[in-house]
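Come along as I look things up, one entry at a time.

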Amino acid sequence: MTALPPGAVIGILGGGQLGRMLANAASQLGFDVHVFCPESDAPAARVAMKHWQADYSVSEALTGFARACDVVTLEFENIPVGAVEAIVATGTPLHPGAKSLALSQDRADEKAFLQSIGIATADFRIIDAEADIAPALGALGGKGVLKTRRDGYDGKGQAWLKNEADITVGWETVGRAPCVLEAAIAFQCEISVVVARSSTGETASWAPPRNVHEDGILARSTVPSGLDQTVESEARRQAVMLVDALGHVGVLTLEFFVMADGRLIANEFAPRVHNSGHWTPEACQTGQFEQHIRAIAGWKLGDTHRLFDAEMINLIGKAGLIDPSSLAANETLTLYGKREARAGRKMGHITRRGGPRKD
Ligand code: ATP
Ligand code: MG
């Protein structure tokens, strides 16, 4: 693919905050942005040049949108296969492609693929019926987490099973949907690697942040992670191996559990920019949103060198109603423009910049 010139049109599927920050980065690089999403008044649509408002099942609308764009990308991976096919049929490039999307949409296929390329995951069993759970739980050491194979995010569609007595309630919690049961991992901490691969096969990753979740939702990401350099390098090597194996184009994020001895166990990957990379624009030469646009536009990737220590704090629910005058001088506020601060809803984030990087 030849590099897209300024003024070309980038299409984004999805109207949330990730789409909004991608649109802003694209616009900074001189591109026009069209957003396709069913909702009116969506965060991304409000900063885009054009909003195509239709459901992802309306293939005529998708076709019109794709024909108006020079490249199409997405801000969430649970895009229906039919929508992907409608876009691909127009000949407009879609990045990331079908392989990255299909694998990340199904937790069982995702883990099997990771294992097949030599990336360790939690031991797991496929659950199609309630009767499958008890033997699987026994095989996994009596404790585990039941997760729907499809459509989970922010800890939704999950139930912890501490023993056999939890099975019936857990199965109801996940809506009796096809699941995986994962072994409980007693990790020391969690990190993620945000990595980019361009349409020319160039790759670049960022230093992995240490991530802390509260109630199944990411609360904070911190760099440096405090882990040994060998652990960080190995995590980054595995993430690059993954994007190469997928032929992925764009940014991708691989989440890891880190064991006390430094061993890495991959949790899941998202074929897109990620909440745990929200500190990169303020702390690195090139941030994840700009990098994703560079990658899908066929540009050379930017330098991912980390310049500052940083901490990203999510503003969830009412915490998003922040008084801007309460910010310290080293804090950058990003708000997503959501009209209502519902419980558990990501409203914005703060990046607190520390001193210059020392390592
Ligand atoms: P998100 O959208 O925030 O990435 P998700 O809904 O896709 O979340 P996971 O990433 O699978 O869910 O799980 C959310 C969090 O729950 C993990 O980051 C981790 O803290 C905890 N968790 C998930 N699976 C396990 C496990 N097998 N053992 C221990 N903790 C786990
Ligand atoms: Mg996760």
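Accessible areas here come from the Shrake-Rupley method with a 1.4 Å probe. I keep in mind throughout that this is a predicted model.

**Entry: surface and charge.** I looked up the accessible surface of the protein chain and found about 14700 Å², with 51% of it belonging to carbon and sulfur atoms. I then turned to the charges: the chain carries 35 positive and 42 negative side chains. The centres of these two sets lie 3 Å apart.

**Entry: overall build.** I noted 10 helices and 17 strands in the protein chain. Its radius of gyration is 20 Å, close to the 21 Å from the globule rule for 359 residues, so the chain is as compact as a globular protein of that length. Along the principal axes, I read a C-alpha trace of about 60 × 50 × 40 Å. How many of the 359 residues count as buried? I found 54%. I also checked contacts between residues at least 6 apart in sequence, and 61% of them join residues at least 24 apart.

Entry: Glu 255, at 13%, is buried, whereas Glu 268 counts as partly exposed at 21%.

**Entry: helix α2.** I went to helix α2, residues 59-68, and wrote down its buried residues: Ala 61, Leu 62, Thr 63, Phe 65 and Ala 66.

**Entry: Leu 333.** My last stop was Leu 333, which I found in strand β16 (residues 331-335). Leu 333 is partly exposed, with a relative accessible area of 25%. Setting aside residues up to four places away in sequence, I saw that Leu 333 touches Leu 315, Ile 322, Leu 327, His 349 and Ile 350. I also looked up how Leu 333 stands to Val 240, 93 residues apart from it along the chain: their C-alpha atoms are separated by 30 Å.

Technical notes: Residues are numbered from 1 along each chain as its sequence is written. Chains are lettered from A and ligands numbered from 1 in the order in which they are written. This is a predicted model: local features need pLDDT of at least 70, side-chain atom pairs count only at pLDDT 80 or more; totals for chains, interfaces and linings use all residues. Side-chain values use heavy atoms; hydrogens and water are left out. Helices (H or I, at least four residues) and strands (E, at least two) are DSSP runs, numbered from the N terminus. The radius of gyration is taken over C-alpha atoms; the globule rule is 2.2 Å times the number of residues to the power 0.38. Buried means under 20% relative accessible area, exposed over 50%, partly exposed in between (1.4 Å probe, protein chains only). Contact means heavy atoms within 4.5 Å. Lys and Arg count as positive and Asp and Glu as negative; His and the chain ends are not counted. The place of a charge is taken as NZ of Lys, CZ of Arg, CG of Asp or CD of Glu.
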